[in-house]
Amino acid sequence: MVVAYQMGALKAMLLYLIIHQTWKITADDEEWKSATATYVKETNGSIVVEGACGYADLHKATYGKYSAGLSSMLFNRGSTCGACFEVRCVDHILWCLQGSPSVILTATDFCPPNYGLSADYGGWCNFPKEHFEMSEAAFTEIAERKADIVPVQHRRVKGVRRGGLRFTVSGNFHFYQVLISNVGLDGEVIAVKVKGSKTAWIPMARNWGQNWQSNVNLIGQPLSFEVTTSSRKTLTSYNVAPANWQFGQTFEGKQF
């Protein structure tokens, strides 16, 4: 009886250690994954403005040169917008910089597939390849500029942002939309709710990228937002926008 109890306790302890260790790897020390990276030439050191996440001017959105377009495998239909990745060049003695320095990138755009070209040359973003399209300025921090494409490793990391979450309001009387940017932690928003002074909490639907929509008329009401990230962290910013808010304005809330 005693031996059976001790064996049961030992199994329970081993199970706890396995689960605890798995959680640590997933939450704190995500393993490196293999991918490739190229860059686009932009005179302002940034990548495409008006990308598929809706951030518009990436410098005003605080992402700047450390922005990246992701292949569809990583982009995940826009849900990855705002997520932070650590990327380093590996396994290429000619193109990778010594010491394999890394950069932290924010997902801000989509790199579309080109099935008219081989996945090995030109079709870098063809499914199911994992690929990062970086700014030239960020690319040259990990690899030689003259490289066409380099092998990289990547992993998800927590993003550090200055200031609070930003809510940019757009739409009209019958269609209300908010762009959410400058999100810390994992940066990947999976759910949004909005509340006016005369309403309960209203779930919003993803329109595209990090644009979230509602058909409720909220004009003339101060607005509060509840934002949930992929790590299941929820942050509530009360009365972010005053009652006299206007379409096109940006308001700042709390930060994770």
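**Notebook: Gln210 and its surroundings**

I started at the side chain of Gln210, where a polar atom lies 3.0 Å from the backbone oxygen of Cys81. The model is predicted, and I read the distances as computed values from it.

I then looked up a side-chain partner for Gln210. I found Trp212: the two side chains are joined by a polar contact of 2.9 Å.

Next I placed Gln210 in the fold. I found Gln210 in the loop between strand 10, residues 202–208, and strand 11, residues 211–214.

Is Gln210 buried or exposed? I noted a relative accessibility of 1%, so Gln210 counts as buried, the cut-off being under 20%.

I listed the contacts of Gln210, leaving aside neighbours within four places in sequence. Cys53, Tyr55, Ser79 and Cys81 are among them. I also noted Val178, Leu179 and Ile180, together with Glu188 and Val189.

I turned to the whole chain. I counted three helices and 14 strands in its secondary structure. Of its 256 residues, 43% count as buried. Among contacts with a separation of 6 or more, 68% are between residues 24 or more positions apart. I took the accessible surface as about 13700 Å², with 55% of that belonging to carbon and sulfur atoms.

Last, I checked the confidence. The chain has a mean pLDDT of 87, and 84% of its residues reach 70 or more. Over residues 1–28 the pLDDT is below 50, and I found four contacts for this stretch beyond near neighbours in sequence. Where pLDDT is low, predicted coordinates should not be read in detail. I left residues 1–28 at that, with pLDDT below 50.

Notes:
Residues numbered from 1 in each chain as written. Predicted model: local features only at pLDDT ≥ 70, side-chain atom pairs only at ≥ 80, totals over all residues. Heavy atoms only, no water. Helix = DSSP H or I, 4+ residues; strand = E, 2+ residues; numbered from the N terminus. Buried < 20%, exposed > 50% of the residue type's maximum accessible area, 1.4 Å probe, protein only. Contact = heavy atoms within 4.5 Å. Areas by Shrake-Rupley, 256 points an atom, 1.4 Å probe, with all protein chains shown as cover. pLDDT = per-residue confidence, 0-100. Polar contact = N/O pair within 3.5 Å; in protein donor to acceptor, adjacent residues only side chain to side chain.
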